[in-house]
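Reader: Hi! Could you walk me through this one in plain words? I'd like to hop between a few spots.

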Amino acid sequence: MIKNKLFWKIFIGCILLLCICLIFMGYFAGNVIKKHHIRLVKKNMEANAMLISQLVKRSLLKNDTEDVVNMCKILSRYLNIEVSVIDTKGKIIDQSGIVESSISDLGKETADTALHQKVAGTYFDDRSGLIYLTIPIKTGEEREPIVMVSGSLETDHAGLLTTVKTTILYMLPAFAVTGIIGFIIIRINTSPLVTISQIAQNFARGNFAKKVEIISSDEMGDLANAINAMGIELQSQMQIILDDKNKLDAILANMNDAIITTDLEERVLIVNQAANALFGIPKVNQNSDYLWEKIRNEKLRSSVKEVIRTQESKTFEMELSTPEKRLLQAHISPIRMDKNTYWILLVFHDITELRKLENTRKEFVANVSHELRTPLASIKGYVETLLDNASLDQEPVKEFLAIIMKHTRRLDNLIKDILELSKLDSHDLKIELRHLDIRPCLENIFSHYKEHCIQKYQTFELTVPPSLPSLETNEYMLHQLLTNLLDNAIKYTPAGGNVHLKVVFTNGYFLFEVSDTGIGIPKEHIPRIFERFYRVDPARSREMGGTGLGLSIVKHIVNLHHGSVRVESTPGSGSKFIITLPKQQTVHKA
């Protein structure tokens with residue numbers, strides 16, 4: 001009961017309210033009793049004054065002053081009041097005889113007023129505590145004598161105090177009984193709240209087994225039923241959360257990819273077993289250890305700070321300096337937990353073996369290409385010798401040799417493109433970039449392809465502004481980039497068509513536009529045209545001698561320059577390839 005703070009708050013509050021009510025009731029009851037006592041005294045004095053006026057009237061008419069004095073003495077003694085008679089001349093007659101001034105100034109003033117106005121009156125003197133009451137004696141004369149009686153309330157003060165004390169003594173038992181009854185009622189009504197509070201505390205500790213056993217049809221019963229229903233629902237939700245947590249823990253524990261989550265201050269929150277094994281982290285104190293303390297990698301640290309600052313995902317490759325060198329692909333992204341909480345998710349995929357396989361594949365392609373190139377060179381040489389031999393007049397032989405020559409050239413082009421891609425894919429390739437005046441390169445390309453277009457009855461245009469700044473590039477790679485695009489444009493543009501090469505410099509970037517009026521590219525094929533060996537029309541491409549690697553080479557060269565490429569095409573109306581290259585290459589750290 002001592003711990004039931006709500007009970008004592010309600011009980012003490014009720015006692016205070018009851019005390020306040022009793023104080024106000026006592027105060028108002030005392031005033032009512034006092035006023036009632038004064039009214040009784042006044043009525044008693046009025047009755048006595050009326051009686052005295054009748055008794056002294058006859059003596060006054062006979063002008064028997066001595067008889068009036070004796071009556072005043074007797075009446076004052078028996079009635080316990082002061083009795084005075086004021087005749088028509090204003091003389092005061094009381095128990096001591098005829099006096100000029102035996103009463104207070106207020107008494108004289110009261111007497112004069114009654115004498116002149118012939119009216120009864122009652123007046124109270126606050127200083128002396130006396131009540132003065134005057135009544136005219138009806139004699140029928142112009143000026144009538146009056147009877148004035150005065151009494152003090154102090155004589156009845158003891159009786160009034162006794163009445164008040166008696167009233168208070170009766171109120172005290174009522175107060176005690178009311179307090180006991182209130183104590184019992186409040187205790188009965190608040191005791192279920194103690195039980196409900198204990199059950200709620202058990203819920204907070206995760207114990208949902210105990211239920212509130214209160215059988216009542218009032219609001220307390222409704223509250224108990226609601227608490228029980230809430231306990232059942234909380235237990236169900238807690239079980240769902242635990243099941244989900246166990247599933248998540250099992251998934252994280254069995255994932256091959258390393259997963260780490262941090263807050264915006266880079267404190268580690270979650271680390272799975274794969275991350276512990278990959279980075280050699282024996283133990284992590286969650287919410288206190290920082291990521292940069294556990295993984296010493298400057299590129300990772302700067303990337304995490306960049307994602308925190310920009311709130312944008314980032315994917316990059318990083319090398320892990322462990323006893324065995326490993327290459328990781330890291331994906332960092334912000335995740336929103338709630339309205340005001342953001343986490344950073346880091347996923348690491350070990351691509352060491354994958355990169356080894358890619359290098360093996362590239363080496364294989366390069367080796368095979370080199371091995372194929374030697375016999376193809378021999379075949380090509382012999383075919384050229386046979387074709388140039390004037391002694392061969394047989395038409396079929398020449399036709400067959402022409403076919404051999406065609407496919408030999410196609411195979412040679414294919415091997416050249418494969419070798420070119422192999423070089424571009426190689427991370428060990430050292431590309432020397434320098435500031436180059438691209439105008440001579442453009443004019444060389446224009447003069448070469450202009451003749452080629454004339455042979456196919458096509459128009460080739462070159463648009464270059466009068467002044468161009470230098471471009472940081474490699475002349476051979478720039479030549480490869482433009483010739484691959486122009487080869488395709490000329491190849492897929494019919495006779496009478498137009499091929500246009502346009503160069504623009506704006507805002508620190510070079511824009512190379514290669515457009516044609518050829519067959520165009522369907523919209524669904526555009527996302528894949530830069531894939532290796534991807535052809536929109538395979539049969540037509542092979543017929544024209546295409547290898548399916550030209551646009552892949554273009555994409556690689558653009559990426560090496562940290563630029564971009566996009567395609568605009570409408571089937572039947574032609575295509576436009578737009579290459580954007582920065583004027584100066586930014587230093588990119590690995």
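**A chat about helices and sheets**

Author: Happy to! Let's start with Lys-34, whose place is in helix H1 (residues 5-61). Helices (H or I, at least four residues) and strands (E, at least two) are DSSP runs, numbered from the N terminus. Bear in mind that this is a predicted model, where local features need pLDDT of at least 70 and side-chain atom pairs count only at pLDDT 80 or more, while totals for chains, interfaces and linings use all residues. Residues are numbered from 1 along each chain as its sequence is written, and side-chain values use heavy atoms, with hydrogens and water left out.

Reader: Thanks! What is the relative accessible area of Lys-34?

Author: For Lys-34 it comes to 46%, so this residue counts as partly exposed. The cut-offs are under 20% relative accessible area for buried and over 50% for exposed, with partly exposed in between (1.4 Å probe, protein chains only).

Reader: And how many residues apart along the chain are Lys-34 and Thr-163?

Author: They are 129 residues apart, and their C-alpha atoms are separated by 9.9 Å.

Reader: Nice. Zooming out, how many helices and strands does the protein have?

Author: There are 14 helices and 18 strands. Of the 590 residues, 35% count as buried.

Reader: Let's do sheets. What is the order of the strands in the antiparallel one?

Author: That open sheet has five strands in the order S8-S7-S11-S10-S9. Strand S8 (268-271) and strand S9 (314-320) are at the edges with a single partner strand each, so one side of each has no neighbour in the sheet. From one strand to the next, the twist averages 25°. Helix H8 (residues 298-310) packs on this sheet and touches S9, S10 and S11, with its direction at about 165° to that of S9. Contact here means heavy atoms within 4.5 Å, and axes are lines fitted to C-alpha atoms, for helices over the stretch in contact, with angles running from 0 to 180 degrees between N-to-C directions.

Reader: How many bridges join S10 and S11?

Author: Strand S10 (residues 326-336) and S11 are paired antiparallel over nine bridges, and a hairpin of five residues connects S10 to S11. Two strands count as paired if DSSP finds at least two bridges between them. In this pair, Pro-334 is opposite Ile-344 of S11. On to S7: strand S7 (residues 258-262) runs antiparallel to strand S11 (residues 342-350), with five bridges between them. There, Thr-261 faces Leu-345 in S11, and Ala-258 has Phe-348 as its bridge partner.

Reader: Good. What is the strand order in the sheet with mixed pairing?

Author: That open sheet runs S13-S15-S16-S18-S17, again five strands. At the edges are strand S13 (459-463) and strand S17 (564-570), each with a single partner strand, so one side of each lacks a neighbour in the sheet. The twist averages 10° from one strand to the next. Within the sheet, strand S15 (residues 498-506) and strand S16 (residues 509-516) are antiparallel, with eight bridges; Phe-510 in S16 is the bridge partner of Phe-505.

Reader: Which strands does H12 touch when it packs on that sheet?

Author: H12 touches S13, S15, S16 and strand S18 (574-582), and its direction makes about 20° with that of S16. Helix H14 (residues 550-560) also packs on the sheet, touching S17 and S18, at about 25° to the direction of S18.

Reader: Last one: at roughly what angle do H11 and H12 cross?

Author: Helix H11 (residues 439-455) and helix H12 (residues 475-491) cross at roughly 25°, and their axes come within 11 Å. That makes the two helices roughly parallel (under 35 degrees; over 145 is roughly antiparallel, 65 to 115 roughly perpendicular and the rest oblique). Among the residues making the contact are Leu-442 and Tyr-449 of H11 and Leu-482 and Asp-487 of H12.
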